[in-house]
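Student: Hi! Could you take a close look at one part of this model with me?

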Amino acid sequence: MENKTLKKIDLIFAGYTSTKYKVLEKTFQKTPDEIINEVLDSGLKGRGGAGFPTGLKWKFTKNQESDVKYVVCNADEGEPGTFKDREILERVPRKVFSGMAICGRAIGAKEGYLYLRGEYTYLVPSLLKEIEIFEEYSKQYNYGFKIFIRLGSGAYICGEESALFESMEGKRGEPRNKPPYPTVSGYNSKPTVINNVETFATVQVICKIGAQEYKKLGTTDSRGSKLFSVSGDTPIAGIHELELGMPLQEFVDEFGDGDTKAVQVGGASGHCVPRKQFNQTVIGFEGIPTGGSMMVFNSSRSMYNVLHDYLEFFTEESCGQCTPCRVGCQQLLKGIEAVKRGERPPSYLEDLKRLAQTMKIAAKCGLGQSVANPFNSIIDNFREEIIY
Amino acid sequence: MSKTDVLIKELVTKYGKNRNSLMPVLQGVVQSEKCLSEETLISIARELELSAAEVYGTASFYTFLDTVPRGKNIIRICKTITCHMKGKDEIILALENMLRIKVGETTHDKKFTLLTANCLGWCHKGPVMLVNNEVFPEINVQKSIEIIEKFSKETA
């Protein structure tokens, strides 16, 4: 494994150039295949958390025969502990719209949609202003690409790509069966590229500095840098852009308060890493991948409360469509409460772990499938805190 | 034609008469009326030529699309773990005392509804609350009371 050390980077929030949408002008001189090859070559993987190679997603969509295709930017940032997308849309929306337009050119789409969570409605006026500027340039240079904003209404599940399309189509935000994947059948059942806000902003960066330069950052499995949303027991909470592939220990040394007991990597649906594993845990796709959420807990925190909070969250946000997730979340929550009250023996936790494992196999979408991540990692590492 | 029906017609004209417009139309109505009553949902269904059941199905799925009456101002306090660690419980308690309601309820004068919400995306600056569409990060008991007092004065 490559040894990387913690390194702060400044690419995503770096200031705009004096000429607006300069990167677009440069990139649009390339053919769609050249653009896709550049993104493929950079090794960029989706920044929303799942980590699918962005270039591949674009290639699949480009290869679909269809008169209409769409670009959708997923700004339904609902994962507890994540706030980087809001900050990107506040500070550098131009980079996001550039990334969307570049994608539109690459796959042959004329329309782009930004699906913004309802909790961020206050961003709409400033985003509309930026869209106006974009359209001026779009007209001037004949880009033929339009961007629209669609709002969510307070449903975490709509961050799941197919639930997001359902919501855009005026339906309940219930995930679809896969396949077909969005690259074949997405919004309005047309081929669609859906990427996270940070992914589109990173595409702009790659097109600006070139894949060769971008690739120098990170490791073979995790190219580049990424934004981390750091919160919890840390003296420097906020957003930090770091090179991928660092050991968690170094992260804790930099951001912890000296008494860090555990770090929840990847939000409520991510993994809880206890102190004894900081050294052998790598932050990246070869270790623990993350959409950027890093919640730091010190020894004054009860991990029972943390797990209880996550399970309450999942119980409320489960869309209720499939039984494993709807009933599973409720039973896990009731289960740890019963163990805590002494109504169930500690061995009941093993049954609950099996239930979480079943949800991983049987749930329809990522929400139910990932509940086992926090559940098992917290139960395994902080068993006594759950029981007593 | 009632005020709400006029608004629905306007929204449908703006976003187009198709299913894809349902969310923006529902959101537009909630923005001004704070609630989607049964009559309103039926009007929307008629205007978009959808079944009322489908419109209700969509509306009732989303937390922010209220189908029960709410106050003129909706307070949402983030209850997710980092805001919890930073003391959201004291703020909820203070506002409950100030407004003399519990979470989930609406004041008698219909000025305020107090709710909790899942992660609002300000974990580094918790506790945080939303009042309508406005965000207030890094609040404490004192600040939260001042903010609500301000809204109270501005609401006739």
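Predicted model: local features only at pLDDT ≥ 70, side-chain atom pairs only at ≥ 80, totals over all residues.

Student: I would like to look at chain B and the place where it meets its partner. How many residues of chain A are in contact with how many residues of chain B?

Tutor: In the contact region, 30 residues of chain B touch 51 residues of chain A. Among the residues on the chain A side, Tyr122(A), Ser153(A) and Arg172(A) stand out: they supply 19% of the area that chain A buries against chain B, more than any other three residues. The size of an interface is often given as the accessible area lost when the parts come together. Here, chain A and chain B bury about 3,200 Å² between them, and 55% of that area is on carbon and sulfur atoms. Charges also meet across the interface, where the rule finds one salt bridge. Lys79(B) and Glu316(A) form a salt bridge, with their closest N and O atoms 2.4 Å apart.

Now let us turn to chain B itself. Its secondary structure comprises seven helices and four strands. Starting at the N terminus, the order is α-α-α-α-β-α-α-β-β-β-α. The C-alpha atoms fill a box of roughly 50 × 30 × 25 Å along the principal axes. Chain B has 156 residues, and 57% of them count as buried. Among contacts in chain B with a separation of 6 or more, 60% come from residues 24 or more positions apart. As for charge, chain B carries 21 positive and 19 negative side chains, and the centres of these two sets lie 2 Å apart.

Technical notes. Residues numbered from 1 in each chain as written. Chains lettered and ligands numbered in written order. Heavy atoms only, no water. Helix = DSSP H or I, 4+ residues; strand = E, 2+ residues; numbered from the N terminus. Buried < 20%, exposed > 50% of the residue type's maximum accessible area, 1.4 Å probe, protein only. Contact = heavy atoms within 4.5 Å. Lys, Arg positive; Asp, Glu negative; His and termini not counted. Charge placed at Lys NZ, Arg CZ, Asp CG, Glu CD. Buried area = accessible area lost by both parts, 1.4 Å probe. Salt bridge = Lys/Arg side-chain N within 4 Å of Asp/Glu carboxyl O.
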